[in-house]
Each structure stands twice: as C-alpha cells, then as structure tokens.
Amino acid sequence: LSLLSGKNFLTLLDFSPLEIDQLLQHSLMLKQETKDGKQSDLLKGKSLGMIFENASTRTRVSFEVGMTQLGGHALFLSPRDMQIGRGEPVKDTANVLSRYVDAIMIRTNSHELVEEFAEHASVPVINALTDGYHPCQAMADALTILEHKEKLKGLKLTYIGDGNNVAHSLLAVGAKVGMDVSIASPKGYEVDQAIFAKAQKAAEETGATLSQTHDPKEAVRDADVIYTDVWASMGYEAEQDERMNKFLAYQVNESLAKLAKDDYIFLHCLPAHRGEEVSEGVIDGPHSAIYDQAENRLHAQKSILVALMTHS
Ligand code: CP
Ligand code: NVA
C-alpha cells in the first residue's frame, strides 16, 4: 500500500488489480478495528481539504468522520466562499492549498478541472465525483458486494439506467476485480465509449466481461448484483422531464428483478428517487443493501486516505 503514497485518486483505471484488492482488504481491517472500538492515529496531525462545488451528504460526512477516526482533521471548503469562486486560478489554489493540507478531495462537474488541479497540487488529489467518475463510491460498492457475496471474481453486476459517472466507475472496478459488468441504458444515454474501451482493455488482465445493451431484461439475467442511479445527475436537472419519458422502461422493479439470481442484492449510490429509477418494493425490500453500501463509503475511504497520505 505504501506504493500509493503521494498518488492521486482520480479513477480506478489508474490502479492495478493488486492495489485495488489491497485497498479492499485494508478497508475490511479498518472497519473491524472501528467496530471493535479501537482508536487510530494513522493520520495524526494531517489535514484533508474538501472542496465541494456540488451538494453531498454521504461523501462529505464520511470523509470528515473518516479523517477524525484516523486522528486527523478535515476542512469543508465551499467554492462559494473561496477565492476560486471569484476567479482565482486553479493553479494558484492548488499550489497554495498544497502548502497547508496533506491531501485535497474535490467534487465538481468537470473531470478535466480535477485533472488540472492535480497537475498543480503537490499533495494527493482525490476525486469525490466528477462527470467522469465516482471512484470512492465504486470502492465502497465493491466492499459491500464482497461482504455480502464473499467474493467478487466471477460475479455479475448489472447496472440499469444512465451511462453516467457511477456506471463508468462500476465498469472500472469490475475490470479490476474480475467481476462481469453488464450495462443497460436507453439510446442516447450510453456510457462514454472511450471509457468503456479503457475499462475493456483493463478487463483483459482479470478476465472480466463488460457488456452494454439497450435491453434491461437481457442485461439483468442471472445478475448477482443489480445497481441503478438517478436518471438526471447533478448538472442535468433541466433534462429531468425529457429523461423521465425515455427512461421509463429502465425502472428497476420487482418484475425486472425476477430475472436476476434469487439471492441478488440491490445497490444504489444514493440519493435515490423511489418510483423513478427504482420501485419502493425493491429499494426497501429484503434484497436491498443500500445502507450497508452507504456505511462502506466511510471504511473504503479511510483505506484510501491512509494509502495516499502515509509513507512506509
Ligand atoms: N453517493 C454519494 O456520493 O452521495 P452524496 O452525494 O450524498 O455524497
Ligand atoms: N450520478 C449522480 C451520483 C450522485 C452521488 C450524480 O452525478 O449526481
């Protein structure tokens, strides 16, 4: 894990299958220690700057609590209150913050902006959601599946809905852990084909099968995990009505879920819209693991923070 020291965490495609596996195993260990009430000082005296251009419940609280549990400190930074919001260059913000804090976490729409920030920062930069990827979410998702199914390799995860940031990171994590990922999206809302190709290339190393279709029934057949996300992500709220019509046939409901394995689990990164991308019966039913999944943001991110922020 010390090999990750000082690295950025922008997309899982930048990491090897071994590194992803080690992060997951370390998350399980940190989770157990927390459950046992063990105090940690792994990040004693260290600070994490958290820049949130968009709303967040899980990411903000889990990163902040994670830093506290590791003996460090987190600062919530809103661009509305920072000079970057008044036009201070990314380059200056990244350089200056790097002189104060030990790592920087960013949530913003533009993935390029996070890359630009990382280029100028001299401390690790963590992607906490861009229009491209949600890598911290995918690590928590993998951890949740591992806990429920006791393995990842050879499982089938089906993602139904918008070919968005979350879908991209599921492709990446599947490719890295050897889990098949099958995506069903409406026409015009497919995943980014360049990202799909990169994930496909990464999958050659683990043997994971990645596929895409417009037919949700075909995608969900024999799935171990069914996953969905909102139809209109942050930044796309204006398209909500138009998307509602196009996505109607992509709701994860009891009749679709019948095609999955009998012991499938249901995941959703949250926040969710019951009655839109998922029926109440599924998200609040016995197959749903959404709260375990939300909790695992904390444990997965603690392992990422320790790996990037400590030496040796
Ligand atoms: N899943 C997720 O990232 O949630 P928040 O938007 O609440 O952080
Ligand atoms: N796809 C969603 C995820 C929110 C956590 C969004 O980008 O808004």
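Biologist: How are α1 and α5 oriented to each other: roughly parallel or roughly perpendicular?

Modeller: This is a predicted model, in which local features need pLDDT of at least 70, side-chain atom pairs count only at pLDDT 80 or more, and totals for chains, interfaces and linings use all residues. Residues are numbered from 1 along each chain as its sequence is written, chains are lettered from A and ligands numbered from 1 in the order in which they are written, and side-chain values use heavy atoms, without hydrogens and water.

Two packed helices are described by the angle between their axes and the distance between the axes. Here helix α1 (residues 17–35) meets helix α5 (residues 135–149) at about 70°, with the axes 10 Å apart. Axes are lines fitted to C-alpha atoms over the stretch in contact, and angles run from 0 to 180 degrees between N-to-C directions. Helices are DSSP runs (H or I, at least four residues), numbered from the N terminus. α1 and α5 are therefore roughly perpendicular (65 to 115 degrees).

Biologist: Which residues of α5 make the contact?

Modeller: Contact means heavy atoms within 4.5 Å. Met139, Ala142, Leu143, Leu146 and Glu147 of α5 make it, with α1 residues including Ile20 and Leu24.

Biologist: At what angle do α1 and α12 pack?

Modeller: α1 and helix α12 (residues 290–309) pack at about 115°, with axes 8 Å apart. They are therefore also roughly perpendicular.

Biologist: What surrounds ligand 2?

Modeller: Residues with a heavy atom within 4 Å count; among them are Leu129, Asn164, Asp229 and Ser233. A side-chain N or O atom of Asp229 lies 2.6 Å from a nitrogen atom of ligand 2.

Key:
Helix = DSSP H or I, 4+ residues; strand = E, 2+ residues; numbered from the N terminus. Parallel < 35°, antiparallel > 145°, perpendicular 65-115°, else oblique. Polar contact = N/O pair within 3.5 Å; in protein donor to acceptor, adjacent residues only side chain to side chain.
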